[in-house]
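Okay, thanks for making time, everyone.

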Amino acid sequence: VIILLPDRKLDAVLPSPSETKASGMGRVTGGTMMTAGSAAVSFMSEDSVARGWGESPASDQIDLSQIFDILPIFGKLKPLESQTVQFSYYGLHDRSYKASAVCSVEGGPEYNVQLIGNAAPCKYNIDKTDLNFNDIPFTEVAEQDLYLSNPGKVPVHFNFNLSGISRQVFVEIIPQAGLIKPEERQKVVVRFCAGIPDQIFETVLVEVEYYEPRKLTIRGRGTFPGIVISLPRQDEAAHALALEAAAERVMASSSDSTSSPGPALKRSETQELGMGRTASSRAPFGGADPGATALPQEDETVSLAPAKRTMIGTQNSFRLDPASLQKLELELEVDRYFLCEALLNGPPRTNSDQNTRSGLGATQRNSATGTPLSPTRAARTAKKGTPEVLDVVGAYYLCDFGYIALGQSGKKKVEIHNCCAEMVTLTIDKKTLKDNGFTLEPDSLKPLAPGKSAVLNATATRLKDEPEGIQELEWVIPVRGGPVYKVQLRADFVLPDLVMSHDSVDFGRILVGQRKRITMEFRNDKMVPVEWSYMEPKDRFGKPVEATFSLSPVSGVLQPGERRQVVASFTPTAPQQYTGNLQLRLRDNPQRKTIQVLGRGDLLRLEVRPGSNFELGPIMPSGDGHAQEFTLYNPTDYAIEVYSAEFDTKYLEEEKVLAEYDGFAGGVAELPLRFVGDGTWRKVTTNVAEKRRELAKQREAERQAALEQQAAAATEGAVPPASAEEDAQAEDDDGGAALAEALATVEGDEENLLADFDESSYPFRVPLKDRLNALIVGPPKSGVSTTARQLARQDRRMVLKVDDALAWLLTWPRYLHSDRYAKRIADMARAGEKLSTADVAHAIRRRKELPDCNAGVIIDGVENQYLEAGETAEAILEAFKGERLAVLTWALPKEPVEEGGPAADAPPAAEVDEGQPKPPKP
């Protein structure tokens, strides 16, 4: 109210409080009072009682001061001064009131002011108090609308209190506060972003005027496009613990989801307000009530709940028992848990922290510092259609190609599984991979549908001319709308190489017709297999030529750390000096290995003195004959055994045996070295005896068939063919005698193939108490056999192998015809049955009873085809029970071990074994 006075320099004086009657309290509205002269201005109420409209007078007699109030109620205004007067109205009981106020100016007129006021209660309605966003990608924003309406007659203020939300980035409400006019509706947009791949449960307080705040629950489950790669984790030990923890969480949530059903909203309304949370570890997604326990306070720690498991490629949930926990689901649960902690607490400092923290420890909610997409930012990203890739790692994998030879490529099969219920889009940076020596096939992937897998073939390569060493790359696999996955690609490239025990070999002097061998050792100290091959000499036409020096075997593959013995051979063909190189080619190694070899060939020579021509004079019949002496002189350094090719019957018999030997191919056989005085090789005699036995049996079977045919023909009255009768007669006349002779030869001792046992040909039998036997044990190519033969030559002991004793027993000599045990052993050996230590001991015991063992026996090693080494040693000890037995062990010397043998193109001759130490006399 503005009161204007005349333009006079007089003060306007309002009545004093004692002259007016108005007082009270209320909310202030009002007008302005101004003066322009000296008149006094004052307000005075018209009635002391206000009346409400539409009510009976008896019930609505209310003191005016409790309805209207005027402040100030008096005053003085100077010329041209104005003053604001406040009129207050306090509404009561949903009523309308009217009154009249009089402003009295001293010396002036009175002014009437009509006062009318209406009072109505605040009313509002909210259509939703529970917003369930269900499953949404944890980086995307979902929106839902709710409406606030004002059905009353007065405007109402509203406010959404977000102080109870655990992280403000989860929820955004637009508008968050405002005024709703009467009979209006206010649309409120609620934006929700899970921020982590977990169940989210938040509470917002809806504050309207003086009403008690109402709770608005907001919940949803954040999903993420996760993958599982079929590769080991970088820390397998920690990842194993994480898998166990994930299995426990899954089983606990599965049991709770069945034992605690029911809606979450009603039970959560009894909780303490002002604090939001994610689902506890005992409340799986879509299962038990997330409000079943009290909301966490500021110092309370909660653990993350496992994601709700669904059938791969479907949306149908299923229960699990310990037997049905799938490996891929547990792997995904480990990654989900780690991703939640990384988003809440920030990424781990080291790669191995993922596995350690993902399965252990709790999360402090009020200390979360993760920064997922805000709703506004996520909304902008969603509108662009290109969801961002979070700068957080979902899992760390290791793809170790191991050791690879330079020039070769290592391959790994990598399977990527989509275990989520949404499409997964991966990006492969093929350029970065190629620049670092790695390739993938295929180099791009289509989006993976739920439950599908993709197979990638990873390859690591490096050229031969590049240096060896470790090649590494941290391959980052970004997932659109989700985390990144890091795979550490690692390959160790190695240049294959071979370490030889000798770079040069000197064979010394060797007789023509003999072959000398020296054993070397090849060793692979690299971590990749080494494939080597000996380059045999060829002529200019590319055809192999007869080599003086050779290597056996000619090729091979050595695994890392493996050793192998290789034999270099020297076979001279003429009495001259030889030199050469043995070239070795290594696969994937451009450098070749060379072994320098040299040796000299010698020739056996005899000089006949005084000459080689002798003229004998005429003699008379029946005379004493004529003789002339001559002298044989050996000008060489080798002992020479001389025999007459025309008159030596043993030589002629040996030639017949050799002609039947299977090992004689093209007139050449390679056999062990013989010393002067040695007989025919036992290997040859055994082979020929077996052949003669089979021939005798065959001829006997043919003879019996012929006789049966003749008998059948005689019964039927038919005349047998002349050829059959002649054959049968031949069998009776000549064949029978020949067969009997062959059977007698075979059934006799195998020495009978050359000569009968003659006691005078062997040493006297040494008494048992004085006889000393020996067992020599050593690795192959260590000179065991040579040492045994040299010891035997000095003391005329018999060198015997275990296989020799069994081979003699298998010939079934007449000496054993009365020994039924020996016959059973022979039958078992022919049938391929397993022999016992007692069987082998009996064979050795019977063999050493022969006269060639009178001076004692030297057992040449324990290797045989019937027993293991330990069992053979037990059999030997049992065979020599009660006798003296010395055991000698032999090891490879540091220098090359030389072993000789006859050449493949020369007849067997004496053995050369240079470089071996002379053993002491037993």
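Before anything else, a word on burial: buried means under 20% relative accessible area, exposed means over 50%, and partly exposed is in between, with a 1.4 Å probe and protein chains only. This is a predicted model, so to speak of local features we need pLDDT of at least 70, side-chain atom pairs count only at pLDDT 80 or more, and totals for chains, interfaces and linings use all residues. Residues are numbered from 1 along each chain as its sequence is written, and side-chain values use heavy atoms, with hydrogens and water left out.

Glutamate 209 has a positive phi, near 45°, and is not a glycine. You'll find glutamate 209 in the loop between β18 (199–208) and β19 (214–223); strands here are DSSP runs of E, at least two residues, and helices are runs of H or I, at least four, all numbered from the N terminus. Is glutamate 209 buried or exposed, or partly exposed? It counts as partly exposed, because its relative accessibility is 35%. Now take aspartate 588, where phi is near 70°, again positive in a residue other than glycine. Aspartate 588 sits in the loop between β37 (577–586) and β38 (593–602), but this one counts as buried because its relative accessible area is 12%.

Next, cis peptides. The bond from leucine 71 to proline 72 is cis, with omega near -10°, and proline 72 belongs to the loop between β6 (68–71) and β7 (76–77). Serine 552 and proline 553 are also joined by a cis peptide bond, with omega about -5°. Proline 553 is in the loop between β34 (549–552) and β35 (555–558).

On to the sheets. Which strands does β29 pair with, and in what sense? Strand β24 (residues 393–405) pairs with β29 in the parallel sense over ten bridges, while β28 (residues 469–478) pairs with β29 in the antiparallel sense, also over ten bridges. For pairing, DSSP has to find at least two bridges between the strands. Alanine 395 is opposite tyrosine 485 in β29, and leucine 473 has leucine 489 of β29 as its bridge partner. The β28 and β29 hairpin has five residues between the strands, and there glycine 481 takes a positive phi near 75°. Nine of the eleven residues of β29 (residues 484–494) are buried, so the strand is largely enclosed by the rest of the structure.

There's also an open sheet of four strands, ordered β11-β13-β17-β15, with antiparallel pairing. Its edge strands, β11 (125–126) and β15 (171–174), each pair on one side only.

For a helix, look at α10 (residues 784–795). Its twelve residues reach 17 Å from first C-alpha to last, close to the expected 16 Å, where the expected span is 1.5 Å times one less than the number of residues. Nine of the twelve residues of α10 are buried, so this helix is largely enclosed by the rest of the structure. Among them are Arg789 and Asp795.
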